[in-house]
Amino acid sequence: MPVKCCFHRSNTGETMACCESVDTLLANKDGLAAFRTFLKSEFSEENVDFWLACEDFKKTRSSTKMAAKAQKIYSDFIQADAPKEINIDFHTKNDISQNISEPTLSCFDDAQRLIYSLMAKDSFPRFLRSEEYKDLVKKQKNRNQKKWLPFL
């Protein structure tokens with residue numbers, strides 16, 4: 001998914017950034033930390049934690065490690081009353097539950113897509129208006145790191 005960012009001046013003359021994709025944010029250490037802090041304030045930090053766990057899981061090559069990681073993701077995020085239970089529909093949760101005994105690298109893909117969509121459409125737009133985001137933009141400007149916000 002290509003990252004599209006636009007930058008404009010607000011009425012106060014402040015440079016504002018608008019990114020159409022969560023991908024850039026999730027790929028940047030400082031961006032991820034700021035987004036996680038924001039999600040924590042909204043009591044939805046489990047979404048980014050689940051997404052990152054799935055990204056890590058998809059890189060697993062050993063079938064033994066794959067089974068262990070799949071079970072950990074399931075017990076942490078999917079099963080009823082999991083400590084970081086994510087909000088996914090019954091059908092998706094049921095499919096994962098039925099297939100967790102023989103996990104594949106794609107066994108969490110549907111749930112990960114749902115959570116990504118939730119973050120992109122719900123949390124991310126609010127994040128762009130948050131103090132955490134404003135602080136992040138200032139931090140990037142102060143460091144003069146323009147890699148992930150290329151037009152600042």
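Colleague: What covers the buried residues of α4?

Modeller: Quick background: this is a predicted model, where local features need pLDDT of at least 70, side-chain atom pairs count only at pLDDT 80 or more, and totals for chains, interfaces and linings use all residues. Residues are numbered from 1 along each chain as its sequence is written, and side-chain values use heavy atoms, with hydrogens and water left out. Helices here are DSSP runs (H or I, at least four residues), numbered from the N terminus. As for the cover on the buried residues of α4, it includes α3 (45-58) and α5 (90-99).

Colleague: Is D76 buried or exposed?

Modeller: D76 lies in helix α4. Buried means under 20% relative accessible area, exposed over 50%, and partly exposed in between (1.4 Å probe, protein chains only). D76 has 17% relative accessibility, so D76 counts as buried.

Colleague: Which side chain does the side chain of D76 join in a polar contact?

Modeller: A polar contact is a pair of N or O atoms within 3.5 Å; within protein, one must be able to donate a hydrogen and the other to accept it, and residues adjacent in sequence count only if both atoms are side-chain atoms. At 2.8 Å, the partner of D76 is K72.

Colleague: Where is D81, and what is its phi?

Modeller: D81 sits in the loop between α4 and α5. Most residues other than glycine have a negative phi. D81 isn't glycine, yet its phi is positive, near 65 degrees.

Terms used:
Contact means heavy atoms within 4.5 Å. Helices (H or I, at least four residues) and strands (E, at least two) are DSSP runs, numbered from the N terminus.
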